[in-house]
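Please read the predicted model below with the text that follows.

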Amino acid sequence: MDGRVIPAEALVRTVTVRPESCTIYYAADTFSVAETFLIPINESGAYIKLDTETEQPLDVEAVFQRDFQLEWPAGLGGTYLNWDKTLHAFYFGEEQKKFAAVVGSPTAGEVSTGIRNELFRVA
Amino acid sequence: MKFQQEYATNYSESHENSIDLGVISKGKDSRLIVIAASMNGRAEAESTYQRLLSSFAVKEREAADYYRSYLAHTVRLDLPDSQLQKAYDWSRISVLQGLVTNPFLGTGLIAGYRTSGESQRPGFAWFFGRDSLWTSLALDAEGDFASTRISLEFISKYQRSDGKIPHEISQGASFVDWFKAYPYPYASADATPLYIIAMNEYVAESGDADFARQKWESLWNAYQFLRSTYDSQGLPQNFGFGHGWWKAGRCCR
């Protein structure tokens with residue numbers, strides 16, 4: 001907002017838990033967001049819905065750590081992700097082409113795939 | 001805060017990714033993130049993704065109806081204390097949410113969704129013998145005999161050839177030599193007697209004696225295994241681990 005990045009976790013006000021979903025409510029001076037997590041019945045998937053009300057233009061960015069692996073003690077070896085422009089989603093895959101996942105949004109625009117441009121870094 | 005990251009390659013890659021969901025102008029608007037997965041390849045994952053994209057409201061209603069129906073069809077209590085009422089109703093929901101289908105192993109009861117130790121690994125979301133068998137007594141009490149039967153069927157499927165009932169079955173058990181190469185699958189002492197107790201309780205409460213007949217050989221093998229562990233005083237021993245083998249908690253250390 002106004003060129004500022006506001007981490008959501010600093011704005012949590014309430015958490016509402018229902019049998020089918022839970023909602024985290026974030027509020028700031030000029031906007032509020034209700035973030036609902038829903039696991040549908042008998043589907044291998046999940047939703048995150050952001051219901052937003054704002055007084056000023058608000059750009060919402062979802063940041064995540066990718067961890068596409070089988071749980072210990074199993075493992076998939078190397079995995080990868082690609083951005084699929086048609087789906088507006090990240091595709092997660094592995095070399096056997098068996099385990100797959102798609103994470104995206106119909107409104108998704110610019111993405112960060114994790115590949116950094118700089119080749120030389122000094123810690 | 002200093003952040004250090006190991007570089008295993010000669011290029012720089014972060015494990016952090018992001019999606020810009022777009023600018024919301026003044027007023028109200030919604031954004032939706034959909035996650036879909038498959039163990040049968042990309043086409044199935046994409047198909048699930050597309051189906052979920054167009055059906056949030058339907059799926060939300062279905063899920064709410066599913067739990068509402070469950071609460072209506074299991075034993076309801078009207079309690080004078082609102083906190084007790086919530087605890088009882090939520091416990092029915094929580095137990096039901098522990099019924100998990102693993103496409104490679106089957107459907108059974110996990111022990112919960114808490115992480116294991118200090119890690120982020122959801123280690124209790126595995127199939128456990130003792131936990132599922134104790135939980136089956138609660139399922140009987142609330143009248144959910146179908147889930148008890150599913151749970152007993154699952155755990156008996158992985159009974160060891162000498163009759164011992166499994167302690168824990170990893171979600172990844174089908175991808176590794178879980179039952180022979182790891183020490184955990186048959187570690188605990190109590191899963192075997194609990195299996196016999198839980199089956200007895202299920203049959204007594206539900207009247208489903210046919211299930212006990214189907215499982216008679218399994219039950220008899222479990223009983224024979226239990227007897228084979230008795231010491232001179234008639235107390236069962238847990239060979240290889242000790243009968244005080246613990247999983248978590250301070251009380252047993």
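Begin at Gly45(A), which stands opposite Ala36(B) in strand E2 of chain B. Strand E4 of chain A, residues 45–54, is joined to E2(B) by ten bridges. The two strands run antiparallel.

On the chain B side 54 residues take part, and they are in contact with 64 residues of chain A. Four elements of chain B each supply at least two residues to the side that touches chain A: strand E1 (16–24), strand E2 (27–38), helix H1 (42–53) and helix H2 (56–73). Of the side of chain B that touches chain A, E2(B) gives the most, with eleven residues. E2(B) is also the strand bridged to E4 of chain A. Sorted by class, this side of chain B has 25 nonpolar, 16 polar and 13 charged residues.

Now look within chain B. Its residues are divided into domain 1, covering 33–73, and domain 2, covering 82–228. Between the C-alpha centres of these two domains of chain B lie 26 Å. How many residues of domain 1 of chain B are in contact with domain 2 of chain B? There are four, and they are in contact with five residues of domain 2 of chain B. The class make-up of the domain 1 side that touches domain 2 in chain B is four nonpolar residues, with no polar and no charged residues.

Notes
Residues are numbered from 1 along each chain as its sequence is written. Chains are lettered from A and ligands numbered from 1 in the order in which they are written. This is a predicted model: local features need pLDDT of at least 70, side-chain atom pairs count only at pLDDT 80 or more; totals for chains, interfaces and linings use all residues. Two residues are in contact if their C-beta atoms, placed from the backbone, lie within 7 Å. Ala, Val, Leu, Ile, Met, Phe, Trp, Tyr, Cys and Pro count as nonpolar, Asp, Glu, Lys and Arg as charged, and the others, Gly among them, as polar. Two strands pair if DSSP finds at least two bridges between them. Domain bounds come from an automatic or database domain assignment.
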